[in-house]
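Open the model in your viewer and keep the sequence panel beside it. The stops below say what to select next and what is there.

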Amino acid sequence: MNKTHRLPPVAQKVTMLENLPILSWNIHDSVMSQEGPKMEDSDFVNILTQSSVFCLQETKQEFFLPNYECFNSTRKGSRSGGICIGVHRSISKQVKLVKTNCPDFQAITFYPNDMENKFTIINVYDSPEQSSYKSKRKAGDGSPYMTTLEHLLDFKAQNPDLGKILLVGDLNARTGNTNFDFEDDDPNSEPDEIPSSHPKTSGRVSKDQVLNSRGNLLLDFLACNRLSLLNGNTLGDIFGEYTSVNYNGASVVDYMAVTPELLESVLSFQVQNLNKFSDHKPCICKIKHKHNLVDAEDLLETLEDAPKKYKWDNEDEKLQFQFHAIQNSPEFVQKITRIAETQCTDREQVLCLNEELVSIFQDIADVILPTKGPRNKPDRKIVSGKRKRRQRMKPKAPWFDVSCINGKRELNKLSKSYGKNPTNKKLRDSYYESRRSYRKLIKLKKSAFIEDLCSDIERGKNINWSRFKRLKDMKTNGSKLDVFDMLNFSKFFKELYSKPSISPKKKKVPTATLR
């Protein structure tokens, strides 16, 4: 039996990955003052989506990204801080959130098929000592004050089965070129022997040579928990790059540290380029961990299109004539004849016949009836066995014109150069001047656009509804429904309508009443 002409569904593409990319980044607020939420900027999203797991610090509010399951922890009664761990939805079933009693850190445990290789990621944001948040905590309500590291020690003592550990985050501590060295640590040492947190030869390199009091506390914490820093000690960061760059200078305060069992699985660690979204650089490491990853774009292709809506007018005689006339055309006569001659012997053939009949009505409606949107869906383009990449996203904001695009491009170039040479005064002045100019330009363009829209709406007796709609659209927060949600939504209703209907049971009549 002939199949319908409609586009067949695309098989779900599953990629087997040998390593797990994990990103850690202090994003310094999830919303930009002038441009809005950072998650609506494609450049920001591209930084996060290069990893299967991302750990963010200083989100300052709950953060969500489509196709990732996000675990948020925010401070009650404070706009500062805020942390988030995002796990790609295709591997989120392997992850379990571990409860903590402190808003300054969170933990998730990966449970792979081999339970012996389970590991825990701990995401930490430890505010600067002079911050208002720390001052309020020290004043407190009379209860003993505990530092973030002390809370971490308690957490680890209460959860001894965390497995291998990866500690990431912004610790606001400067450790110079020191580190806890596993080679200097003897796990069979006597209890009264204190592990050395300041080995003579650590083998770690760092461009930040400052070791402060908080750095000493962090190193003692690492030694007590047998954690070793990856910064300046791993392939990909052999020079110990700066992780925080601001107008007052550069430092290394963002770290990743691992237990000796997990160190063997670490493939690389890299400090990425500075960008306009934060004064901290993203840090990413790759760990040996086999897992299946489903690409969201490929998954989107497996979903069927929603049915089109057609407008039929029973009083339109011309429309009715066209409907009957087009069925007499050679193309449709051939299709109708083929259906009339088809004989069905099983359920699958009946379903296929029904699809052909529906497709004929859809083709007729596409010709004679008006519809919203494009009439025909473009074919999928495949190049060398792979689908062609979509074109780069255009900015959603209508006020983001050519001058804004050029300003953004220039700022990105300067941020990359300044991030590599943070001690260069000329680059520093140029970068911050460009950033101030860019923010001022964005503010002027946005305010001018909104002012023009408002004046157009108020002008004249009739409301300009098209302008009013554009103004309203600028306040929408967008949908948090991602591809995986849509797939579950589609799967639910397919299973619901595929179930056979239950026919009501006939009541049995007692034989005694029959005559």
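**The whole chain**

Of the 515 residues in the protein, 39% are buried, where buried means under 20% relative accessible area, exposed over 50%, and partly exposed in between (1.4 Å probe, protein chains only). The model is predicted, so local features need pLDDT of at least 70 and side-chain atom pairs count only at pLDDT 80 or more, while totals for chains, interfaces and linings use all residues. Residues are numbered from 1 along each chain as its sequence is written, and side-chain values use heavy atoms, with hydrogens and water left out.

Colour by secondary structure: the protein has 13 helices and 18 strands. These are DSSP runs numbered from the N terminus, with helices being H or I of at least four residues and strands E of at least two. Switch to a surface: the accessible area comes to about 32,200 Å², and carbon and sulfur atoms hold 52% of it. The areas come from the Shrake-Rupley method with a 1.4 Å probe; for residues, only the protein chains shown count as cover. Of the contacts (heavy atoms within 4.5 Å) with a separation of 6 or more, 69% are between residues 24 or more positions apart.

**Stop 1**

Select Glu58, in the loop between strand 4 (53-57) and strand 5 (68-73). Its phi is near 55°, a positive value in a residue other than glycine. Glu58 is buried, at 12% relative accessibility.

Now select Lys60, which lies in the loop between strand 4 and strand 5. Phi of Lys60 is near 65°, again positive in a residue other than glycine. Lys60 is partly exposed, with a relative accessible area of 23%.

Ser78 is partly exposed at 26% relative accessibility. Draw a C-alpha to C-alpha distance from Ser78 to Lys60: it is 8.5 Å, for residues 18 apart in sequence.

**Stop 2: Thr148 in helix 3**

Go to Thr148, which is in helix 3. Is Thr148 buried or exposed? Its relative accessibility is 0%, so Thr148 counts as buried. Beyond its neighbours within four places in sequence, Thr148 is in contact with Asp104, Phe105, Val124, Asp126, Lys134 and Arg137. The C-alpha atom of Leu171, 23 residues away along the chain, is 9.3 Å from that of Thr148.

**Stop 3: the cavity**

Rolling a probe the size of a water molecule over the atoms shows where empty space is left. On a 1 Å grid over the protein atoms alone, a cavity is a set of points where a 1.4 Å probe fits but cannot get out, and lining residues have an atom within 4 Å of a point. Grid points are joined across faces, edges and corners, and a volume is the space filled by probe spheres set on the points.

By this rule there is one cavity of 30 Å³ or more. The largest cavity holds about 60 Å³ of space. To display its lining, select Ile122, Leu152, Lys156, Ile165, Leu167, Phe221, Asn225 and Leu227. Helix 3 (148-158) and strand 10 (164-170) each supply at least two residues of this lining. By type, the lining has six nonpolar residues, one polar and one charged.

**Stop 4: helix 8**

Finish at helix 8 (residues 330-340), where Phe332, Lys335 and Ile339 are buried. These three lie on the same side of helix 8 because they cover an arc of only 60° around the axis, taken from the directions from the helix axis to the C-beta atoms. An α-helix has 3.6 residues a turn, so residues three or four places apart point the same way. Show helix 7 (317-326) and helix 9 (347-368) as well: the buried residues of helix 8 pack against both. Turn to the other side of helix 8, where Pro330, Gln334 and Ala340 are exposed.

Methods. 1 Å grid on protein atoms, 1.4 Å probe; cavity = no way out; pocket = protein on both sides within 12 Å on 5 of 7 lines; lining within 4 Å. Nonpolar A, V, L, I, M, F, W, Y, C, P; charged D, E, K, R; others polar.
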